[in-house]
Amino acid sequence: MKKFYSSILTGIALMLSTNITTSAVEPANIPEGWEYWGKGKFTDDMVSSFLMLGPVTCDVEIIKKTDNPNYIRVLSPYGQAYADAFQQTNQMPLKETEYNVAGDKYFELDITDPDNVTLPAYCYTGCSWGYGELYWGLLDGKSFYIENNVVKAPANGMGIIDDTGFYYANQWGDFALELPTSDGVCDIIADDDANVEYFDMQGRKVVNPESGIYIRRQGSKASKIYVK
């Protein structure tokens with residue numbers, strides 16, 4: 001039986017090693033002081049709410065601060081990938097003023113506290129539907145939160161603004177930012193002296209792990225373990 005468990009753990013170690021050494025193709029526009037984290041999926045329910053159209057989901061690239069990996073930047077959320085997804089979802093192409101053609105817009109999040117993810121500044125979309133550039137943010141007293149490695153927001157907890165005024169957004173409650181993952185666990189890096197945390201294979205935090213396979217994380221180090 002010990003040999004059986006040893007074989008399992010050896011296989012897990014090899015898989016973990018493979019995950020750590022495999023790197024994604026990094027975007028070329030990473031500014032100084034930032035590093036690539038990985039791909040995510042962004043579901044817009046702000047511009048969609050404003051236009052009374054269905055939520056749009058597209059792939060995005062996510063980078064993180066070199067000196068604070070819990071501070072992240074979502075690159076070009078309303079760029080070409082968004083325009084392609086918008087056309088597929090709503091069966092209508094976007095004009096050049098209706099998406100961020102240059103791909104130079106972004107929004108940033110502080111994900112240090114999964115229950116209170118903050119948006120330090122408004123997201124300027126680079127989109128204009130004839131009434132000035134649209135931008136959005138959280139309402140006072142509202143915050144994002146992380147659930148199953150996805151950043152979410154309360155329905156009607158956001159606002160979108162243009163030259164004509166303010167409108168409630170995220171009315172469907174579909175805003176979502178799926179974060180890059182490593183074996184189902186959000187790859188947030190803390191200090192090396194952080195508390196030990198355990199996660200199941202679906203990425204859910206476990207306080208008292210029982211029999212089974214878990215991911216043990218302490219600071220920037222993570223490993224798979226078997227609990228008898």
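Is arginine 73 buried or exposed, and what is its relative accessible area? I looked it up: arginine 73 is buried, at 11% relative accessible area. My cut-offs are under 20% for buried, over 50% for exposed and partly exposed in between, with a 1.4 Å probe and protein chains only.

**Ground rules.** I'm working on a predicted model, where local features need pLDDT of at least 70, side-chain atom pairs count only at pLDDT 80 or more, and totals for chains, interfaces and linings use all residues. Residues are numbered from 1 along each chain as its sequence is written, and side-chain values use heavy atoms, with hydrogens and water left out.

**Overall.** I find three helices and 17 strands in the chain. These are DSSP runs numbered from the N terminus: H or I of at least four residues for helices, E of at least two for strands. Of the 228 residues, 40% are buried. I also checked contacts (heavy atoms within 4.5 Å). Among those with a separation of 6 or more, 55% are between residues 24 or more positions apart. For the surface I used Shrake-Rupley with a 1.4 Å probe, where only the protein chains shown count as cover for residues. The chain exposes about 12,400 Å², and 49% of that comes from carbon and sulfur atoms.

**Salt bridges.** My criterion is a side-chain nitrogen of Lys or Arg within 4 Å of a carboxyl oxygen of Asp or Glu. The structure has six of them. Back to arginine 73: its side chain meets that of glutamate 108 in a salt bridge, 2.6 Å from N to O. Arginine 73 is in strand S3 (residues 71-75) and glutamate 108 in strand S4 (residues 106-110), so this pair ties together parts 35 residues apart in sequence. Glutamate 108 is buried too, at 16% relative accessibility.

Next I took glutamate 133, which bridges to lysine 105 with the closest N and O atoms 4.0 Å apart. Glutamate 133 sits in strand S6 (residues 133-138) and lysine 105 in the loop between helix H3 (80-90) and S4, so parts 28 residues apart in sequence are tied together. Here I get partly exposed for both partners: 28% for glutamate 133 and 26% for lysine 105.

Then there is glutamate 197 with lysine 205, at 3.0 Å between the closest N and O atoms. Glutamate 197 is partly exposed at 21%, whereas lysine 205 is exposed at 55%.

**Rings.** I pair rings of Phe, Tyr and Trp (its six-membered ring) if their centres lie within 6.5 Å; planes under 30 degrees apart are stacked, over 60 edge-to-face, the rest tilted. The whole-structure search gave me 13 aromatic pairs. Tyrosine 78 and tyrosine 82 have ring centres 4.9 Å apart and planes at 70 degrees, so I log that pair as edge-to-face. Tyrosine 82 also pairs with phenylalanine 86, tilted, at 5.9 Å centre to centre and 55 degrees between the planes. Those two lie four residues apart in helix H3, about one turn. Tyrosine 82 is at 0% relative accessibility, and phenylalanine 86 is at 0% as well. Ring pairs link a cluster whose members include Phe42, Tyr78, Tyr82, Phe86 and Trp129.

**Charges over rings.** I count NZ of Lys or CZ of Arg within 6 Å of the ring centre and within 35 degrees of the ring normal. Arginine 73 turns up again, over the face of tyrosine 106 at 3.9 Å from the ring centre. I also noted the charged end of lysine 65 over the ring of tyrosine 71, 5.8 Å from its centre.
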